[in-house]
Amino acid sequence: GGLSHRLTLTLGVILLITVSIALYAAVACLALAGEFALGDALWIDAVANCLLVMLELGLAYPLVVSLGRLSCLMAAPDGEVSHGMAVSVPTPDLTEIFYPFTSLRTYGRTTAVGMEALAFLLCGIGLPVLLGRLAWLSMLTAGWETWLRVLTMTGIVILSLGWAGVVLLLSGRRMGFGYFVFVHEELSLGDANRYYRTLSRPLLPALCLRLHLLGLYALSVVAICVPFVFHSIPFGFCCKAVYGRELKRR
């Protein structure tokens, strides 16, 4: 069971990478064809970049979230009970990764979980990086003294790290929500959210788990990202799925 589940998740990660690269290659080919037909124009690159973002968010990212759903199905115990009734959990095979594209309802459930996670990521990392970049550009144009520039950037880095830490801590209040959305298909998104909010969701265990995973991801980067595919990403998905399952037992 454990070996087959790990292999399934690993194959899922490889499929995600393949889809993402294929979308990038397709958009690059379209941009190249546009430049041959219309000449070298800046608007072609802008349109191509927008198209790539839309395709990655609309097609590739739902598959990422669906891989998380696959790990939830693997973590769900036999005879999972909801509202006094046993829940029928699908067999967690690789075909379940295409769950978002089986209906509008499933795409909506996947998008709701994925956009919530993406919002925390952008708020915790994207916003500080953007503000720091804007502050640096403004200092360059204003001709600030070197010592003042270093002092200001140091302050921005400290504030950004603090902000990212606060977002990381608070995001733990929503950790495990995807488990209830994907395992309890009989519940609407609103009912799943209301049920989830009745559970005890301590911040410290979620923070410790996320810091552990961040350390694991950092080691994967040092190892030229190879462990991401074969260990880190599947392991991270499984840890979050088990965390969501254990919330019901508190």
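**Exercise 1. Which pattern does the protein chain follow, read along the sequence?**

Solution. The model is predicted; local features need pLDDT of at least 70, side-chain atom pairs count only at pLDDT 80 or more, and totals for chains, interfaces and linings use all residues. Residues are numbered from 1 along each chain as its sequence is written, and side-chain values use heavy atoms, leaving out hydrogens and water.

Step 1. Take the elements: eight helices and two strands. Both are DSSP runs numbered from the N terminus: helices are H or I with at least four residues, strands E with at least two.

Step 2. The protein chain reads α-α-β-β-α-α-α-α-α-α.

**Exercise 2. Find the percentage of buried residues in the protein chain, then describe its contacts and surface.**

Solution. Step 1. Buried means under 20% relative accessible area, exposed over 50%, and partly exposed in between (1.4 Å probe, protein chains only). Of the 250 residues, 37% are buried.

Step 1. Contact means heavy atoms within 4.5 Å. Among contacts between residues at least 6 apart in sequence, 73% join residues at least 24 apart.

Step 2. The chain exposes about 14,300 Å², and carbon and sulfur atoms supply 74% of that area. The C-alpha atoms fill a box of roughly 65 × 50 × 35 Å along the principal axes.

**Exercise 3. Locate the buried residues of helix H6 and say what covers them.**

Solution. Step 1. H6 spans residues 189-197; Ala-192, Asn-193 and Tyr-196 are buried there.

Step 1. Look down the axis of H6. The buried residues fall within an arc of 100 degrees, so they line one face of the helix. The arc is that of the directions from the helix axis to the C-beta atoms.

Step 2. Recall the geometry. An α-helix has 3.6 residues a turn, so residues three or four places apart point the same way.

Step 3. The cover includes helix H5 (177-183) and helix H8 (226-247).

**Exercise 4. Is Arg-174 buried or exposed?**

Solution. Step 1. Arg-174 sits in the loop between helix H4 (146-171) and H5.

Step 1. Its relative accessible area is 19%, so Arg-174 is buried.

**Exercise 5. How many disulfides does a search of the whole structure find?**

Solution. Step 1. A disulfide is a pair of cysteine sulfur atoms within 2.5 Å. The search finds zero.

Step 1. For Cys-72, the nearest cysteine sulfur, that of Cys-238, is 9.3 Å away. Cys-72 is buried, at 6% relative accessible area.

Step 2. The sulfur of Cys-238 is 7.1 Å from the closest cysteine sulfur, in Cys-239, too far for a bond. Cys-238 is partly exposed, at 29%.

Methods
Areas by Shrake-Rupley, 256 points an atom, 1.4 Å probe, with all protein chains shown as cover.
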